[in-house]
Amino acid sequence: MTATATQTVLSVDNLRTGFWTETGDVTAVDGVSFSVAPGEVLGVVGESGCGKSVTVESIMRLLDEKYTSYTGEVNFDGKNLLDLSEKEMQQYRGSKVGMIFQDPMSSLNPVYTVGEQIVEGIRAHMDLSKADAKARAIEMLKLTGIPSPEKRFSEYPHQLSGGMRQRVVIAMALACQPKLLIADEPTTALDVTTQAQILDLIDNLCKEFDTGTIFITHDLGVVAEICHRVVVMYLGQVIEETNVEDLFDNPRHPYTLGLIRSTPSMEAEQDEDLHIIPGRVPTLHNVPSGCRFAARCALATDHCRENAPELEEFAPGHKVRCFRAADIEEMK
Ligand SMILES: Nc1ncnc2c1ncn2[C@@H]1O[C@H](COP(=O)(O)OP(=O)(O)OP(=O)(O)O)[C@@H](O)[C@H]1O
Ligand SMILES: [Mg+2]
């Protein structure tokens, strides 16, 4: 990774996404920054509602802009994507940026064969003849490990299993050799064995194409499998960012430690009692003025309740938003 450390595919700088809702304005993503290098898998983790999906939906401008406001920068391909028109954005979705979501059917049209859909995606963005696009589609299906790809090419999505459909979506997402892949919980709906196969597949294909990946998951077991670096989000903000080894061996934010301790596969062997993080995530209408995690934190002091910590470099490459990052041992 050091060889690519200076290169970036994507850099998100102080992204803020607000929604105008009937019950008032909310800021779902509040000053998020991170970057992704070629071939790197950046994990984005955090409990439900912390802003993972809104972050990537903002990057791809998938939200209804009648009710959404963006500030900050999403730098990709020499441009700030937040400045582009909808027409210009369409050139990015599905070609330079591949996307995979939890439900493969959200990316597949039930009335067309899988082959037609992959070919259409390829021809919309690459200058290939129909025959060449078909050959490429079959090649992609083969690369994703779909048996008898020529036969599957002519089948409809409903004829495939969930795992096979997700392979088709991966084939579509990577067919135009995107520089960036965005995967939002792509394996959550799959059984464990299929999940492991799909993770391997994404890992191998991204290495082969040198694609930078943003991988969203709430499952730290998945993070350990596939991610190189990880951003932990809480209530719309990044609260910790580090490489995957340090995330598990040397977490510095009490929330990150809480997530690790509440993941069965990670700690259950040593400790049968899972430590559930007490309390609930506050709502976006009710964001605390001090540290957003203070009410749930075993280490919180009055200082934490009254002041909002910044995301600061704790060690090279390891950032934490916590006044008590140096005292985390007290929780162990
Ligand atoms: N269109 C919208 N209008 C208003 N609020 C929204 C909208 N979309 C999302 N939100 C809010 O933004 C916050 C972040 O949502 P988001 O979907 O990004 O969470 P998430 O981290 O992806 O959660 P999950 O793990 O459940 O997918 C939530 O409080 C959600 O209710
Ligand atoms: Mg989500």
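**Sheet, ligand and selected residues**

Analyst: Let's start with a strand pair: Phe76 has Lys79 as its bridge partner in β5. Strands here are DSSP runs (E, at least two residues), and helices are runs of H or I with at least four, numbered from the N terminus. The model is predicted: local features need pLDDT of at least 70, side-chain atom pairs count only at pLDDT 80 or more, and totals for chains, interfaces and linings use all residues. Residues are numbered from 1 along each chain as written, chains are lettered from A and ligands numbered from 1 in written order, and side-chain values use heavy atoms, without hydrogens and water.

User: How many bridges join β4 to β5?

Analyst: Two bridges join them, and the strands run antiparallel. β4 covers residues 68-76. Two strands pair if DSSP finds at least two bridges between them.

User: What is the strand order in that open sheet?

Analyst: The order is β2-β1-β4-β5, four strands with antiparallel pairing. β2 (24-36) and β5 (79-80) are the edge strands, each pairing on one side only.

User: OK, ligand 1. How many residues surround it?

Analyst: There are 13 residues around ligand 1, and the closest are Ser48, Gly49, Lys52, Ser53 and Val54. A residue is near if one of its heavy atoms lies within 4 Å.

User: Which element gives the largest share of that shell?

Analyst: Helix α1 does, with three residues. Both β1 (10-21) and α1 (52-59) supply at least two residues each.

User: What about nonpolar, polar and charged residues in the shell?

Analyst: Five are nonpolar, five polar and three charged. Nonpolar means Ala, Val, Leu, Ile, Met, Phe, Trp, Tyr, Cys and Pro; charged means Asp, Glu, Lys and Arg; the others, Gly among them, are polar.

User: Which polar side-chain atom lies 2.9 Å from a ligand 1 oxygen?

Analyst: One in Ser53. In the side chain of Ser48, an N or O atom is 2.5 Å from an oxygen of ligand 1. Gly51 uses a backbone N or O atom, at 3.1 Å from a ligand oxygen. The protein buries 62% of the 640 Å² that ligand 1 exposes taken alone. Accessible areas come from the Shrake-Rupley method with a 1.4 Å probe; for residues, only the protein chains shown count as cover.

User: New topic. Is β6 mostly covered or mostly open?

Analyst: Mostly covered: four of the five residues in β6 (97-101) are buried. Buried means under 20% relative accessible area, exposed over 50%, and partly exposed in between (1.4 Å probe, protein chains only).

User: Which strand does β6 pair with in the parallel sense?

Analyst: β7 (residues 180-184), over five bridges. Within that pairing, Met99 has Ile182 in β7 as its bridge partner.

User: Now His253. Why does it count as buried?

Analyst: His253 counts as buried because its relative accessibility is 2%. It sits in the loop between α9 (244-249) and α10 (254-261). The side chain of His253 reaches the backbone oxygen of Arg321 at 3.1 Å. A polar contact is a pair of N or O atoms within 3.5 Å; within protein, one must be able to donate a hydrogen and the other to accept it, and residues adjacent in sequence count only if both atoms are side-chain atoms.

User: And Arg123, where is it found?

Analyst: Arg123 is in helix α3 (residues 114-125). Arg123 is partly exposed because its relative accessible area is 40%.
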